[in-house]
Amino acid sequence: MNIYDALKQLPHDKRYYFQYKHKLYYRQEKNAEINSDEEFLKRLGGSSPKTMDAFLAWEKTDEYRNLVMLMLQSKLANDLTETYMNVAAKARTGDEKAVKLLLQLSKEINTYANEAKKAFMKDDEEIEDDGLEL
């Protein structure tokens, strides 16, 4: 499950608050003008809370913490990609430390890739393991 799947399960107000707080909109330009809590509350409108108190209290719950962990997991994937690219470039120049780090990153990435394969495969399929290690 990714952060967007988890957010779909929340009531509109909570989902919108989490997206506002962490800038997780699919369409950034549509929500770019929301620069303050007052603007956020105004955008919610209707029978929504008139203050941020309910949202601030929600931030102290396990539900909110779990959402933050899912969000950080996706950000980690982006950081890992950027780190890999930087280390790979240094390793190509012959930097000995970068070569060792690249090999270590390769092992980690293979572990994550196998987990990702499991998540996308049907129960009756099996992951082929060639037995090779980097």
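View 1. Gln19 counts as buried because its relative accessible area is 14%, the term buried applying to values under 20%, with exposed meaning over 50% and partly exposed what lies in between (1.4 Å probe, protein chains only). The model is a predicted one, in which local features need pLDDT of at least 70 and side-chain atom pairs count only at pLDDT 80 or more, whereas totals for chains, interfaces and linings use all residues. Residues are numbered from 1 along each chain as its sequence is written, and side-chain values use heavy atoms, with hydrogens and water left out. Gln19 has its place in helix α2, and, once neighbours within four places in sequence are set aside, Gln19 is in contact with Leu7, Leu24 and Tyr25, where contact means heavy atoms within 4.5 Å.

**View 2. Helix α2 and its cover.** Helix α2 comprises residues 12-22, and Tyr16, Tyr17, Phe18, Gln19, Tyr20 and His22 are buried in this helix; helices (H or I, at least four residues) and strands (E, at least two) are DSSP runs numbered from the N terminus. The cover over the buried residues of α2 includes α1 (3-8), α3 (37-44), α4 (53-58) and α5 (62-92). After α2 comes Lys23, which has a positive phi, near 55°. For orientation, the chain has 6 helices and 0 strands, and 25% of its 134 residues count as buried.

**View 3. The largest nonpolar core.** This core has 21 residues, of which Tyr17, Phe18, Phe40 and Leu67 touch the most other members; a nonpolar core is a set of buried Ala, Val, Leu, Ile, Met, Phe, Trp, Tyr and Cys residues joined through side-chain atoms within 4.5 Å. At least two residues of this core come from each of α1, α2, α3, α4 and α5. Phe40 touches Asp13, Tyr16, Tyr17, Tyr20, Ile34, Met52 and Phe55, if residues up to four places away in sequence are not counted.

View 4. The structure holds 9 aromatic pairs, in which rings of Phe, Tyr and Trp (its six-membered ring) have centres within 6.5 Å, and planes under 30 degrees apart count as stacked, over 60 as edge-to-face and the rest as tilted. The rings of Tyr17 and Trp58 are edge-to-face, because their planes stand at 65° with the centres 6.3 Å apart. This pair links distant parts of the chain, since Tyr17 lies in helix α2 and Trp58 in helix α4, 41 residues apart, and both Tyr17 and Trp58 are buried. The pair of Phe40 and Phe55 is likewise edge-to-face, because the ring centres are 5.5 Å apart and the planes are at 75°. Phe40 counts as buried at 0% relative accessibility, and Phe55 counts as buried at 4%. Ring pairs join Tyr16, Tyr17, Phe18, Tyr20, Phe40, Phe55, Trp58 and Tyr64 into a cluster.

**View 5. Helix α5 from end to end.** Helix α5 has 31 residues and reaches 44 Å from its first C-alpha to its last, close to the expected 45 Å at 1.5 Å a residue, the expected span being 1.5 Å times one less than the number of residues. Its buried residues are Tyr64, Leu67, Val68, Met71, Leu80, Val87, Ala88 and Ala91. Gly94, whose phi is positive, near 100°, follows α5.
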